[in-house]
Amino acid sequence: MDNEEYQQTDEAPRWVGDQIKEGYGIAIDIGATTIQAVLINLELGFWTGGQGAVYSPNHLCDFGSDVKEQVRVANEGQESLMQQILCDDILQIVEKMLAQGKIKPELLFEIAITGNSLVYYLLNKRPCIELKTHLGKGDMPMCRGTAKQMLGADSYHAYVTIVAGISSLVGPDVVAGIYAHDLDYFEGTTAMLLGLGMNGEIAICNNNDILVASAAEVQGFRGGHILEVVPEIGGAIKNVSLHIDPNDESKKVTVKFSTFDYNASPIGLSLSGVFDIVSEIIRLGLVDKKGKLKEPLFSKGLTVYGQRIKFTQQDMNTVQIWKAATRTAIEIILEESEKWGMRWPYQACSVGGFSYRLPLDKAVRIGFFPPKLVKEIVPVDRSPVRGLIKFLDEDINKARYKFDLIRGHAKVINLAEHPRFNELYSKNMDFEV
């Protein structure tokens, strides 16, 4: 393949460098709050396992809790700063990964990266204003360049590949997930990809037909922000349970929880922790159908730890919008799939760190999924990373062709323009209590 045909500029290359099948590669998934990296032996073609994956915070979270908010901040003059912070985060986790694996930097030849559409634009040094101006399919092909070109790093001689994306709200991580599980090759049956984290991306595939949507398109999605959400590492709170002593007339709510690192002091609520709290609040009847918390939770909030980590009525309203938008997106994309002649999904893959740990009984209680879909859901860990590992192992031209096919076959469903959106969204705002 002619490299010059795909090269755009020294700063933002389209395609530079042949595939290297020696030494080591690193697969990096830049999630909404957490960055995950794994080390790959390029000669043997497998994940080196060893001490496992490396995790670190995604500091783009400091600029907003979802991709729409981050794009807005980038377009208000913070684009260069966000680009530098993202590159620094990537280089730090690369250094940490090599140190953990005791690998010399000169033996690192490939770095493959996936993330949301903002990550794609920042690393390619493309103006983020383009993400604000369209919700439909965008020009987001797979890109490749040197570590110096893509990350500003002189210390590594590796090539850096950034996976292709579909639209401003359905990014490279979704494409990597579809590629990882060959969902676009399922013939006669239908598969779904559910990413229920910060941006609520959903894809449904049947052979060469691919429909995608994002709950983040909905006005107010993640609006107001859950103030205490932190990356799911270290002292982040998870596994929250609430208890009320039936013999206590004050009906005081007792909170129990764990952290991702059992030896770490609590630093805030993870997304999983927030999910647990809402499920428990519904289970105990501490909220009404319209999402209003009962006193004293409405006035004072739920104290989780100390005086700083609380769950408030504002947080409850944010989760309400989150679940209504996600449920509506799922129902609309299922309706559209039937129009395309797709059969009912025989398997729905719940992907991403949060989605993988998602207890389905709690998801049903909150109202994220249509009941008949729940029995089809199979949690799958590290789907975007699995896609990157597969890419690093496969012939690069073959892999690139597959990514282009996924992008080409994808059809973006604009939720707000769907004739049933208002009806379904209004219905899904209610809790079943």
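Select Asn239, which is found in strand E11. Before going on, a word on what you are looking at: this is a predicted model, where local features need pLDDT of at least 70 and side-chain atom pairs count only at pLDDT 80 or more, while totals for chains, interfaces and linings use all residues. Residues are numbered from 1 along each chain as its sequence is written, and side-chain values use heavy atoms, with hydrogens and water left out.

Helices (H or I, at least four residues) and strands (E, at least two) are DSSP runs, numbered from the N terminus. The protein chain has 15 helices and 18 strands.

Back to Asn239: its phi is positive, about 50°, although Asn239 is not a glycine. That is worth a look because most residues other than glycine have a negative phi. Asn239 is partly exposed, since its relative accessible area is 46%. Here buried means under 20% relative accessible area, exposed means over 50%, and partly exposed is in between (1.4 Å probe, protein chains only).

**Stop two: a lysine over a ring**

Stay in strand E11 (residues 236-244) and pick Lys238. Is Lys238 buried or exposed? Lys238 counts as buried, because its relative accessibility is 16%. Now show Phe260 as well: the charged end of Lys238 sits over the ring of Phe260, 4.8 Å from its centre. For a charge to sit over a ring, NZ of Lys or CZ of Arg must be within 6 Å of the ring centre and within 35 degrees of the ring normal.

What else does Lys238 touch? Leaving out residues up to four places away in sequence, the neighbours of Lys238 include Phe257, Tyr262, Ser270 and Asp276. Contact means heavy atoms within 4.5 Å.

**Stop three: another charge, another ring**

Jump to Tyr121 and Arg126. Arg126 lies over the face of Tyr121, at 4.6 Å from the ring centre. Next, select Lys125, in the loop between helix H3 (117-123) and helix H4 (129-133). Lys125 has a phi near 55°, a positive value in a residue other than glycine. With a relative accessible area of 31%, Lys125 is partly exposed.

H7 and H9 pack at an angle of about 95°, with their axes 11 Å apart. Axes are lines fitted to C-alpha atoms, for helices over the stretch in contact, and angles run from 0 to 180 degrees between N-to-C directions. So H7 is roughly perpendicular to H9, a label for angles of 65 to 115 degrees.

Which residues make the contact? Leu271, Val274, Phe275, Val278 and Ile281 come from H7, and Met316, Val319 and Trp322 come from H9. By class, this contact of H7 with H9 has eight nonpolar, no polar and no charged residues. Nonpolar covers Ala, Val, Leu, Ile, Met, Phe, Trp, Tyr, Cys and Pro; charged covers Asp, Glu, Lys and Arg; the others, Gly among them, are polar.

**Stop five: rings that pair up**

Rings of Phe, Tyr and Trp (its six-membered ring) pair if their centres lie within 6.5 Å; planes under 30 degrees apart are stacked, over 60 edge-to-face, and the rest tilted. By this rule, there are eight aromatic pairs. Phe275 and Trp322 form one that is edge-to-face, 6.3 Å centre to centre with 70° between the planes. Phe275 is buried because its relative accessibility is 2%, and Trp322 is buried with a relative accessible area of 0%.

Then select Phe421 and Tyr425, a stacked pair at 5.3 Å centre to centre and 10° between the planes. Both lie in helix H15 (residues 421-428), four residues apart, about one turn of the helix. Phe421 and Tyr425 are both buried. For a group of rings, show Tyr179, Phe391 and Phe403, which form one aromatic cluster.

**Last stop: a cis bond**

Finish at Glu295 and Pro296, which a cis peptide bond joins, with omega about 5°. Pro296 is found in the loop between H7 and helix H8 (297-300).

Methods:
Parallel < 35°, antiparallel > 145°, perpendicular 65-115°, else oblique.
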